[in-house]
Amino acid sequence: MIFFASDYDGTLNRNGVSAEDIQAIIDFRNQGHLFGMATGRSIASVRAEIDKFAIPVDFIIGNNGGAIQNCMGETVLLHKIPSELTEKVIRHLMTYDLFMYGANDGFNICFKQIRLNPDFVPTTRFMNDEKIFDENRVAVMFAFFVNECDAKKCVQELNVLFDGELSCYSNKGYIDIGTYGITKKSGIDYLVNHLEIDAEIHVIGDEYNDLPMIEGFGGYTLDSGTTEAKGMASRI
């Protein structure tokens with residue numbers, strides 16, 4: 001059996017999901033293999049995309065490994081960030097020029113817009129749930145920077161400031177902040193162990209948050225992937 005985990009944005013979704021890719025996934029699963037997503041998105045966000053493009057999946061690994069659902073839609077893992085850390089992170093983020101920052105609880109999303117971004121159009125998956133911070137339900141934090149170089153710099157600083165507590169990744173002008181040591185690779189390891197299967201693991205991704213799983217499983221990337229992803233991947 002092959003267990004295949006794909007990143008979504010920039011990998012499976014390249015200005016939409018092609019009919020050829022959907023058919024390839026169907027054929028792959030019909031052969032008895034498992035296919036699913038390993039994404040930085042929340043579970044609710046990626047489920048909206050799955051419904052939109054009718055993508056057949058056996059699992060979802062969201063929040064960069066911090067939230068996992070099985071084929072029945074049951075949540076089998078959900079990590080959360082302590083409230084004292086979220087407050088410190090927000091103070092550090094606010095030293096930068098941001099479009100917005102926010103968080104998700106694995107499913108719902110809240111965000112605070114700092115500066116208007118004409119490219120950001122809120123959708124149903126961005127319905128604002130302000131209670132996420134108030135009720136200490138933060139699973140992952142995120143921020144969207146005006147300058148992409150600031151995003152990379154801030155990630156480096158946060159990984160030093162919160163070493164052993166949080167793991168941070170940049171993706172162009174965005175950053176994701178989650179529980180320390182939680183990655184797409186750790187999410188895959190957890191799910192494979194939870195399912196109690198002996199599977200050949202394959203992965204594909206294109207960005208910095210994909211590097212742990214690409215390195216860990218000898219994974220693949222795309223020609224449009226980052227220099228780091230292409231340097232680490234076993235195949236482009």
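The following dialogue discusses how selected features of this predicted model may be read.

Me: What conventions apply to the numbering and to the values?

Reply: Residues are numbered from 1 along each chain as its sequence is written. The model is predicted, with local features needing pLDDT of at least 70 and side-chain atom pairs counting only at pLDDT 80 or more, while totals for chains, interfaces and linings use all residues; side-chain values use heavy atoms, leaving out hydrogens and water.

Me: In what order do the strands of the open sheet stand?

Reply: Strands are DSSP runs of E with at least two residues, helices are runs of H or I with at least four, and both are numbered from the N terminus. Two strands pair if DSSP finds at least two bridges between them. Here six strands form an open sheet in the order β5-β4-β3-β2-β1-β11, with mixed pairing. Because β5 (75-78) and β11 (200-204) each have a single partner strand, they stand at the edges, and one side of each lacks a neighbour in the sheet. Strand β4 (residues 67-69) is joined to β5 by three bridges and runs antiparallel to it; Ile68 has Leu77 in β5 as its bridge partner.

Me: How is the hairpin of β9 and β10 built?

Reply: Two residues lie between β9 and β10, and Lys172 in the turn has a positive phi of about 60°. Six bridges join β9 to the antiparallel strand β10 (residues 174-179), and Cys168 stands opposite Ile177 in β10. Buried means under 20% relative accessible area, exposed over 50%, and partly exposed in between, with a 1.4 Å probe and protein chains only. Five of the six residues of β9 (residues 166-171) are buried, so this strand is largely enclosed by the rest of the structure.

Me: Which residues of α6 are buried, and where do they lie around the axis?

Reply: An α-helix has 3.6 residues a turn, so residues three or four places apart point the same way. In α6 (residues 184-195), the buried residues are Lys184, Gly187, Ile188, Leu191 and Val192. They cover an arc of only 125° around the axis, which puts them on the same side of α6; the arc is that of the directions from the helix axis to the C-beta atoms.

Me: Which residue caps the N-terminal end of α6?

Reply: A polar contact is a pair of N or O atoms within 3.5 Å; within protein, one must be able to donate a hydrogen and the other to accept it, and residues adjacent in sequence count only if both atoms are side-chain atoms. The cap is Thr183, with a side-chain oxygen 3.2 Å from the backbone nitrogen of Lys185. Just after α6, Glu196 takes a positive phi of about 55°.

Terms used
The expected span of a helix is 1.5 Å times one less than its number of residues.
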